[in-house]
Amino acid sequence: MSVLPALDVGLALLVVGVAAWTIAARNLFASVVGYVAYGLLLALVWVRLYAPDVALTEAAVGGGVTGVLLVTAGKRLDALASAEVGVPPGRALKILAGALAALVAGALAWVVLTLPSPAPSLAPAAAEAAAGPGAGLGNPITAVLISYRSFDTMLEKVVLILAVLGVWSVGADAAWGAAPAPLRKVRPDGAMILLAQFLAPVGLLIGVHIFWVGADAPGGAFQGGALLAAMGMVAMMARLAEPPRIDSRKLRLALVAGPAVFLIVGVAGLALADNLFAYPQNFAKPLILFIEAFMVLSIAVALPMLVCGPPNGSPK
Amino acid sequence: MSALIDLFSVAAIGAGLFFFFAGTVGLLRFPDSLTRLHALSKADNLGLGLVVLGLIPRAENPLAALKLLVVWALVLLSGASTAQLIGRALRRGRK
Amino acid sequence: MDEFLLSAAGVIIATVAVGLVRILRGPDDVDRLMAVQLLGTGGIAALLLTAYATRVPGVDDVALGLALLAAFATMAFLNHLDAGQGDASQGGSEP
């Protein structure tokens with residue numbers, strides 16, 4: 001066996017092993033940490049599958065946003081202390097849970113085993129769209145996201161806004177309009193301030209770079225936006241910046257900017273390119289980059305607001 | 001020339017492997033958190049650094065080489081700062 | 001040469017994966033975080049080695065992203081540690 005297949009098999013076994021251990025762990029924080037490790041390994045797997053775009057998303061979201069979210073959630077649940085011990089579930093509950101899990105796993109296995117061969121695929125249609133109206137973009141994935149399935153891409157950002165609204169609505173009525181609690185209670189150590197002061201500007205540059213090269217190389221709006229979001233979080237974790245008040249007009253405009261601009265350009269397509277969400281052939285590329293720039297802004301603002309949580313404290 | 005570059009890469013990456021190995025052994029075998037922290041920073045700083053050093057002559061253009069260096073610099077910065085922070089937390093008896 | 005780079009990547013992953021036993025054993029949460037940090041650094045090294053051996057484009061950007069976020073989980077964890085265990089000795093004033 002040559003080296004590459006051995007590496008792949010080893011990596012796959014490791015991923016499955018870490019996944020199984022993450023589920024089986026009795027210690028809550030250990031399983032949270034296991035999940036972060038699992039995300040790191042997945043980024044490697046995506047690179048081996050020749051999907052650097054997805055690897056970049058996994059790295060930015062798994063390493064940054066969900067890492068912080070899970071560690072925070074894990075520590076909060078730890079503080080409740082009931083999460084690990086609790087009342088042991090009764091025999092009936094265990095059997096029911098086991099049966100449900102077996103049912104889901106069985107259904108999934110059945111679906112996978114009965115997939116028609118060759119599987120139905122939209123790939124040729126997407127490739128054609130990416131080559132035609134997809135317009136001047138060297139990265140077919142960006143072309144498919146913004147041109148072939150533009151409506152889906154826009155609605156994904158709407159979902160993100162709905163998620164932020166959901167988080168905000170969990171707060172107390174009296175706190176509506178106030179800012180979420182800071183990500184750190186006490187003044188941080190000098191080392192953390194230094195770290196954030198270095199990371200944030202460098203990360204800003206890398207995030208914009210990844211968005212910009214996304215037109216022609218692996219990267220794109222979501223990956224760039226997620227990195228920028230992480231940099232916002234690093235500044236908040238070191239108390240260099242505070243979470244904004246949720247009734248701030250700037251914040252709300254930034255949140256809706258991405259989908260709004262996308263929608264406006266899409267509707268304008270009716271007049272300019274005689275179809276909804278179509279782009280005039282000659283300047284599709286600048287138009288797509290224009291839309292994407294606003295999407296980056298919305299993503300970079302929405303993700304940290306999800307991590308910051310509901311508003312906290314008095315509204316005035 | 002290319003054989004020389006290969007030799008250099010093998011030497012540097014091989015040395016990097018040694019530090020990753022040493023870091024892992026330290027993480028597993030050292031008796032308390034502070035000494036384990038010490039082992040970890042060896043792998044972070046020297047292990048990755050030597051691997052990067054071995055890859056630099058193989059970079060396609062200067063920009064790719066620069067990116068390799070930035071990757072290492074970022075890990076150095078993160079590793080050094082978090083080691084400092086973890087060490088302080090441990091000294092205060094927090095874990 | 002590519003075979004050597006890939007083998008090196010495999011050895012690094014296998015090594016740091018053994019280090020993950022620290023997540024299982026703990027004993028403290030800090031030790032668990034250290035194991036993940038080691039896996040992160042080793043993952044970056046393996047990623048770069050694999051990328052240079054198989055010539056996948058854009059992987060240096062993935063490595064940049066991972067390196068940028070290497071300290072994230074640790075920072076979030078330390079923030080909770082400091083918040084949860086009293087604020088008596090705030091940062092920077094250690095003797």
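Helices (H or I, at least four residues) and strands (E, at least two) are DSSP runs, numbered from the N terminus. This is a predicted model, in which local features need pLDDT of at least 70 and side-chain atom pairs count only at pLDDT 80 or more, while totals for chains, interfaces and linings use all residues. Residues are numbered from 1 along each chain as its sequence is written, and chains are lettered from A and ligands numbered from 1 in the order in which they are written.

**View 1. The helices of chain C.** From the N terminus on, the elements of chain C run α-α-α-α-α. That is five helices and zero strands. Of the 95 residues in chain C, 67% are buried; a residue is buried if 20 or more other C-beta atoms, placed from the backbone, lie within 10 Å of its own, exposed if 12 or fewer, and partly exposed in between. Two residues are in contact if their C-beta atoms, placed from the backbone, lie within 7 Å. Among contacts in chain C between residues at least 6 apart in sequence, 52% join residues at least 24 apart.

View 2. An unreviewed UniProt entry lists residues 6–24, 36–56 and 62–81 of chain C as "transmembrane region". UniProt positions are given in the numbering used here, feature names are shortened, and annotations may be inferred rather than shown by experiment. Residues 6–24 of chain C are 95% helix and 0% strand, with end C-alpha atoms 28 Å apart. For residues 62–81 of chain C, the values are 85% helix and 0% strand, and the end C-alpha atoms lie 30 Å apart.

View 3. C:Met75 is found in helix α5 (residues 72–84) of chain C. Why does C:Met75 count as buried? It is buried because 27 other C-beta atoms lie within 10 Å. Not counting residues up to four places away in sequence, C:Met75 touches A:Met192 and A:Met237.

**View 4. Chain B on its own.** Chain B has three helices and zero strands, in the pattern α-α-α along the sequence. Its C-alpha trace spans about 55 × 25 × 10 Å along its principal axes. The radius of gyration of chain B is 16 Å, whereas a compact globule of 95 residues would have one near 12 Å; the radius is taken over C-alpha atoms, and the globule rule is 2.2 Å times the number of residues to the power 0.38. In chain B, 42% of the 95 residues are buried.

**View 5. Chain B against chain C.** The contact takes 40 residues from chain B and 39 residues from chain C. On the side of chain B that touches chain C, α1 (2–29), α2 (33–55) and α3 (62–91) each supply at least two residues. Which helix of chain B gives the most to this side? α3(B) does, with 15 residues. By class, this side of chain B has 23 nonpolar, eight polar and nine charged residues. Ala, Val, Leu, Ile, Met, Phe, Trp, Tyr, Cys and Pro count as nonpolar, Asp, Glu, Lys and Arg as charged, and the others, Gly among them, as polar.

**View 6. Helix α2 of chain A.** Helix α2 (residues 28–48) of chain A has 21 residues, which should span 30 Å at 1.5 Å a residue, and its end C-alpha atoms are 31 Å apart, which agrees. The expected span is 1.5 Å times one less than the number of residues. α2(A) is mostly covered, with 15 of its 21 residues buried.
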